[in-house]
Amino acid sequence: MSIVELQQVSRHFTKGKQTVEVLDNIDLTIEEGDFLALMGPSGSGKTTLLNLIGGLDQPTAGSIEVAGQQLVGLSSRKLAQWRARNIGFIFQFYNLLPILSARRNVELPLLLTRLGGGQRKRNADVALTIVGLADRARHKPGELSGGQQQRVAIARAIVADPRILVCDEPTGDLDRETADEILDLLELLNRKHGKTIIMVTHDPKAASHARHTLYLDKGNLVREAA
Amino acid sequence: MKSFPLIWSNLFRRRVRTFLTLFSIVAAFLLFGLLRSIAGAFEMGVNVAGVDRLMVSPKYSMVDGLPISHLAQIEAVEGVDTATHMTWFGGTYQNPINFFPKFPVQPRFYFDMYSEYIIDPLQLDEFERIRTAAVASAELAEEFGWQIGDRIPIEGDIWLRGDGSNLWEFELVGTYRVGDEDTDFPSFLFNYEYFDEARVPETQGIVSNFMVRVSDPDQAAEVSARIDAQFENSINPTRTATEEEANRQFAAQVGDIGLIMNSILSAVFFTILLLTANTMTQALRERIPELAVLKTLGFTDRRVAFLVLLESVLLCGIGGAIGIALSGIALQALGPELEGFLGQIEISAATTLSGVGIALLLGVIVGLNPALSARRLQVVEALRK
Amino acid sequence: MWAQIFQISLLNLRNLPQRLGSSSVIVVGIGGVVAVLVAILAMAAGFSATLNRSGAPDRAIVLRGGSSSAELSSTIDNRQRQFVSTLDGVRLSSSELYTVADIPKRATLLPSNVVIRGVEQSAFEIRPEVRIIEGRNFTPGRSELIAGRAASEQFLGIDLGATVELRQSEWTVVGIFEAEGSAYESELWTDLAIAQSAFRRFSLISSMRLQLEQPAAVDSLQAEFDNNPSIDLSVTSEEEFFRGQSEFLTTLITGFGYGVALIMAVGAMFAALNTMYAAVSTRTVEIATLRALGFGATPVVFSVIAESVALALIGGLLGAAVAWFGFNGYTVSTLNQGSFSQVAFDFAVSPDILVTGIVWALALGMAGGLFPALQAARMPITRALRGD
Ligand SMILES: Nc1ncnc2c1ncn2[C@@H]1O[C@H](COP(=O)(O)OP(=O)(O)O)[C@@H](O)[C@H]1O
Ligand SMILES: [Mg+2]
């Protein structure tokens, strides 16, 4: 069963008189439970594509259906509510809130649910345990290493139990060894917890953790066998 | 308020900046509390006034005086329940700086008229019985350390004694309080009978004002008109107004204290508005990526805007509350110093409430623009940096 | 070193426009303090100047004996009046009747105590400063009065040629007078005899003004009064009399002004600190680069303080200008507690007061710049260069 369905999707940016056609008539289907690596040269539109799938951006043309929801034309309010339920984001630079402890950072998405304070804290702790950071719950991001911060970000992405994780170069800022740990963690989430993962990466070794790899080039997708 | 910890931590992201801003807000509201209370002290006579009381004054000037013979005629006017009188004594206790009003009155009738003044019935009996007796508001007795039984010398200036001296001596037999603490007013009362007998014979029989209680407060205007009509063609015509109106007119003689205070406060609040707005704008600017992250997590535009708005409301609200609390403490400490010439100064519930209201409003005004920017913030743009 | 300070300060000034929003906080904050301080001090100065202008050292005022300090509660009979006018050391005397009448203020329409003074012709000789500027003087024996310039401006119906009702009698305003801006300008003057009969005072007067041979005569006069058991009078030099009246309110207003300004100043100083800390932090990299290039710490400190002081000075000048243009010469009228009557006075923004305001501004600028400047100087260069 497909969980992501893009049809004839284009995304153009207009800067002054200039129009950049970043994505051009893209078709893409991703099955539920897949772990997809998305590669391509810098500036090829990988982030743009992720933003479209994650409901952060709207295409210039085409249809995007994710987790059974047509995203094109949805209001920003509806999109926000949809993201809260269905998508977890993981960024290259973690994007944690520096003022909040790890636990509070992880808890953030739960503020949008009906859960009470105690339950939120327990869920956050479960997520932190999954990423192996239960003992760092009270630390602020500034007191954690890059790899640990990324784990906290992953915990935050999974805490509300979304079906899809969208990762934009999650290991781009990490050394080899730490990167492998993060990738192992993602693989675990994919295999054991059934998360569908779409991951942008520059690193062929990172891509090897995925089930499939796609190449994005000059606005077009090229599929290659895993 | 699930997001409270989030707002709270944001507030203290830049501790120094937040505290400096907070202190400025505190200073502004400290001033607010002090200045409004001082203005309130000037207007206090207006508040203390009873709705069913009229004040009969000489028509042409309050310094003129009225003959005591008016009293019986006033009591006979239709719609008048009871009436009594008082006289402005002037006078000095020890030093001109110890200013407080002193009135010769009819003890029983006076406390009957001002039923909000609470006095021990036994002390009131003494006050009536002893010729040279006096009673003081509890505040005043406390300020000068007077005890029951003390003899209190007052040097007369307007009213001289028939025996050629101008030293009046009274025996303190009691103290009284005003039921509502907020409107306490320092005053010193003594027996009219004694005062009248002792003063220079040519000046006997003259009082400053009559106070009248009407049977029906709705008829106050009509009764006032009837009293004035009664004396219109006498050599001592009167002007009758509700006590509130009379007090307001007297307060207005000093000048528009309220206007002066409000002008100063406008300057203060304009500055604070600018300062806090600047802080909030800075705070927003350095946090744009984080707000974008919240939006990716599924926080709606409106919710993010609220977080920003609440942060500024919280900052201003806390600053306002501390400032007003401090002004209460300061008034308590300064009270005895200021009371001599302003009467009792206390921060009123109205001042407190309006202060908190202004603080919250300030927070909304200051936070509105950053909140709208936060709301408009485009996630994709903001994350690209 | 001075060259370095100059260079860095110049650099600061160049990027000042980018920080316009936050810099204006210092300007407006300190401007507000100075404007309020100057305006209130100008009010106190105006009030005390008006009363102090009213008295002269070689003139004296005679009142009923005892503690009475106000003309309103004083009465003197004919016998004592005769006695005083013939004493040695008195060159000239004027008997005066002093009372007040309720006249609405033009501003509020609420009745206020306005002085009516019944005078003899000698009153004008003793007070040469009183000059008719419009109309003419009153004619003795007629119900005419002349009004001080301020009285005419402040009180309803006191217009040249108008008829006013005062205490059941009708009066015509036939002239307007000036008295060098003294408290007399808030009064209405009329003929003594007419006033005595209109106000039913018969042969009584309130007070006497004396022109003395020399100021010291006051003491010998008082001694003369004290030695004569049938005389119950007190004499004060006019200068001292008015100073006594102004002292209380002047002290009160001045104290109030400094109190308010002090609290505002504390708030403004926090605001200035805030702005300067922000200024230093946005320039972290720039300052560190300069330090790496070999600029000393002292120039950095000076440049930050200079910026803060410069902004404070702008604020101070603006505040002083607002107070000057908004209030200098602005006339208000208040109840003079000393005389229980209205006295009109102008706010007087004097150079002294302006200097006080500017000094406050500079001090606040200094205070607001000091700690941020020290922080800037102590910043480790290597860390600052990375921008964290
Ligand atoms: N909001 C935008 N406005 C203008 N141009 C954009 C915007 N977002 C992306 N682009 C352009 O689209 C292209 C693809 O960007 P991006 O998707 O970030 O590439 P990648 O993630 O593959 O490196 C780039 O040329 C970039 O400059
Ligand atoms: Mg990218």
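Mentor: Let us start with a polar contact: a pair of N or O atoms within 3.5 Å, where within protein one atom must be able to donate a hydrogen and the other to accept it, and residues adjacent in sequence count only if both atoms are side-chain atoms. This is a predicted model, in which local features need pLDDT of at least 70, side-chain atom pairs count only at pLDDT 80 or more, and totals for chains, interfaces and linings use all residues. Residues are numbered from 1 along each chain as its sequence is written, chains are lettered from A and ligands numbered from 1 in the order in which they are written, and side-chain values use heavy atoms, without hydrogens and water.

Trainee: Which side chain makes a polar contact with the side chain of Glu71(C) at 2.8 Å?

Mentor: Find Glu71(C) in the loop between strand 1 (59–64) and helix 3 (78–85) of chain C; helices (H or I, at least four residues) and strands (E, at least two) are DSSP runs, numbered from the N terminus. Its side chain makes a polar contact with the side chain of Arg209(C) at 3.3 Å. The partner at 2.8 Å is the side chain of Ser207(C).

Trainee: Is Glu71(C) buried or exposed?

Mentor: Buried means under 20% relative accessible area, exposed over 50%, and partly exposed in between, with a 1.4 Å probe and protein chains only. The relative accessible area of Glu71(C) is 5%, so this residue counts as buried.

Trainee: Which chains surround ligand 1?

Mentor: Look at the residues around the ligand, meaning those with a heavy atom within 4 Å of it. They include Lys46(A) and Thr47(A), as well as Glu381(B) and Arg384(B). The site is therefore shared between chains A and B.

Trainee: What percentage of the accessible area of ligand 1 does the protein cover?

Mentor: Chain B takes part as well, with an N or O atom in the side chain of Glu381(B) 3.3 Å from a nitrogen atom of ligand 1. On its own, the ligand has 560 Å² of accessible area, and the protein covers 77%.

Trainee: Which element gives the most residues to the shell around ligand 1?

Mentor: The elements that give two or more residues are strand 1 (2–15) and helix 1 (46–53) of chain A, together with helix 14 (379–384) of chain B. The one that gives the most, with 3 residues, is helix 1 of chain A.

Trainee: Where is Asp161(A) found?

Mentor: Asp161(A) has a positive phi of about 55° although it is not a glycine. At 55% relative accessibility, it counts as exposed. You will find it in the loop between helix 5 (146–158) and strand 7 (164–168) of chain A.

Trainee: Is Glu180(C) buried or exposed?

Mentor: Glu180(C) lies in the loop between strand 7 (169–178) and strand 8 (188–191) of chain C. It also has a positive phi of about 55° although it is not a glycine. Its relative accessibility is 57%, so it counts as exposed.

Trainee: How many Å apart in space are Phe19(B) and Met280(B), C-alpha to C-alpha?

Mentor: Phe19(B) is in helix 2 (residues 15–48) of chain B, and it is partly exposed at 33% relative accessible area. In sequence, Phe19(B) and Met280(B) are 261 residues apart, while in space their C-alpha atoms are apart by 13 Å.

Key
Accessible areas come from the Shrake-Rupley method with a 1.4 Å probe; for residues, only the protein chains shown count as cover.
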